[in-house]
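Please look over the structure below before reading the notes on selected parts of chain B.

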Amino acid sequence: MIHLYAIGSPIEQDNLAWLLVEKLQPQLTAQFPELYIEYFDRPGMQLVNELSDKNRVLLVDTLLSEKSGDIQLLQAEELQLQTSSFSSHGFGVAEALQLSQQLNLLPETLWILGIPADSQAPIDNHTIQQLSEQLLHKLQNIMNHIATDNLQ
Amino acid sequence: MSDKRQISINVPVLTRVEGEGALELKISNNRIEQLHLKIYEPPRYFEKLLQQRSYQDVPDMVARICGICPVAYQMSAVQALEQAFSFTADPVTTQLRRLLYCGEWIQSHSLHIHLLAAPDFLGYDSAMSMSQQHPELVHRGLALQNAGNEIIRLLGARSVHPVGVSVGSFHTTPSNQKTKNLLLLLKQQLDNSYHLIEWCAALSLPDNSHPVDCVALVNTDEYPMYSGRIQSSSGLDISADEFELHFKEHQVAHSTALHALFNGKPYLVGPLARLNLNMQRIPDHITQLLLNTGISLPSFNMFHSMLARAVEIYIALNDAIHILEDYSQPSKKPEPLIPKAGTGYGCTEAPRGILWHKYTTDSNGLIKQAVIVPPTSQNQARIEQDLRFSLDQHGLDRDEDELRKYSETLIRNYDPCISCATHFLTLKLDR
């Protein structure tokens, strides 16, 4: 079982990762039956518990930035700790991942995919289409990589 | 140090609380000239959003008011709407509602104690830095929080913003196998919850005891969560429909959340108020444990709030276990509910205190009016009152960093949920 967690909130732009995974879910689950997709609205520290007993997790979250760009494959330590209005009690994804790391509760393998969203501009359909194609391609690559590893 | 100095402390964003607020403090000639707990998070207009919506939409909509205590909003809402429709939920539904509430208390209190409050008392600035030296504390907090979340997930399909509650009953009831699995997980946390009380009771805490009128539900049969009469330490004893006669909300210029007063005065709601008014419902061995550590109830030391939460986790965990042990999935569907025009009142104990709802419906069950009074709104005037007393007692001649830290710790005793109330802390000190 491979877990894909889409993180988001109802706040426009912060919901981009969630929306993209939702759009791709039928195709992903048909192509990769071992993929289990879950959505989390600002899970805060509950994310630590969610990750603690999993071996392989793909985490897809929106990266709010000053401009849009390509989807990035990130390391947990690359995420900037911040107290933002998109987290609960000041505990966002970065804080949950850092705490998981300190407590040795991170999954054996964790892929973090950051979806860039321009915090200053609304997201248009063309960008959504472009990003969903990019996300699908990246997820397919990761899943194929896992399959190859399993064969070895 | 001269007592003529003028200090202005500004905490522009209060950390380790839910929502956005600030504290402004002006000290002049060693006296507090101005103290404002500023809540600047924008108003959310939930009461207006509910108008003209079907009663069936209400539990899922009000759950969105808070990511930490969605169950409380659902429980007060269904209670009020069922009263408006002259409907009485069946005993299984009532027990499952209490079970769901146990889940929320366990997860919310565990989060508060281990990740929000504990760093204050162990000398760390955050849970992150604390976890490097005290990983066992954080592990315990996460395990207990997870137990609470699993209860919510059982009945609400997911732990954040659960969707299982309906006016009249639940959309579905859990299978016997699922409840057995959860029972095992909860029993594994019993030792953790007992040791948590011991740990909290053993902490060296400040003492800011001073009189305050406590308000909470009181129930002669059980520790109050879902039901009870609204009582105060000053002798009030009313039902939920009499709330508006005694409790008045008013707007203050420095807050987007309404302040509530009881007979014109600040009052305390929340775990310590509940514990003080429901001492008889605390298990004897826990009362003895507290006495052995020098803590007697009622306590008017707000620093005992964390201990009160620990006791409530223990109570909620044991209650949840008992409910699950007695549970058998009903074979019959609940009685259908028929909406009608009316007004209903609901009052339940959210983790942070009493949460009062009032709904007026038309004959089709559409919401004509909704009034929601959350606990943090009720505690705001009390927090300002406490800050004035406790800062004075602590010493206004202390340096600014010390006053700022002490103020934040005092405020966190209340575990304020500003998002709920906005209708919270950036300290601005001016002296």
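Which residue caps the N-terminal end of helix 14 of chain B? B:Asp399 does, with a side-chain oxygen 3.1 Å from the backbone nitrogen of B:Asp401. This is a predicted model, in which local features need pLDDT of at least 70, side-chain atom pairs count only at pLDDT 80 or more, and totals for chains, interfaces and linings use all residues. Residues are numbered from 1 along each chain as its sequence is written, chains are lettered from A and ligands numbered from 1 in the order in which they are written, and side-chain values use heavy atoms, leaving out hydrogens and water.

**Helix 14**
- Helix 14 of chain B (residues 400-412) has 13 residues; helices are DSSP runs of H or I, at least four residues, and strands are runs of E, at least two, numbered from the N terminus.
- From first C-alpha to last, helix 14 of chain B reaches 18 Å, close to the 18 Å expected (1.5 Å times one less than its number of residues).
- Its buried residues (under 20% relative accessible area, 1.4 Å probe, protein chains only) include B:Leu403, B:Tyr406 and B:Arg412.

- Strand 2 of chain B (residues 21-28) has seven of its eight residues buried.
- Strand 2 of chain B runs antiparallel to strand 1 (residues 6-11), joined by six bridges, and B:Ile9 has B:Leu25 as its bridge partner.
- Five bridges join strand 2 of chain B to strand 3 (residues 31-39), also antiparallel; B:Ala22 is partnered by B:Lys38.
- Two residues separate strands 2 and 3 of chain B in a hairpin, where B:Asn29 in the turn has a positive phi of about 50°.

**B:Ala80**
- B:Ala80 lies in helix 3 of chain B (residues 70-84) and is buried, at 0% relative accessible area.
- B:Ala80 and B:His357 are 277 residues apart in sequence but 6.5 Å apart in space, C-alpha to C-alpha.
- Beyond four places in sequence, the contacts of B:Ala80 (heavy atoms within 4.5 Å) include B:Gly344, B:His357 and B:Tyr359.

Note on methods:
Buried means under 20% relative accessible area, exposed over 50%, partly exposed in between (1.4 Å probe, protein chains only). A polar contact is a pair of N or O atoms within 3.5 Å; within protein, one must be able to donate a hydrogen and the other to accept it, and residues adjacent in sequence count only if both atoms are side-chain atoms. Two strands pair if DSSP finds at least two bridges between them.
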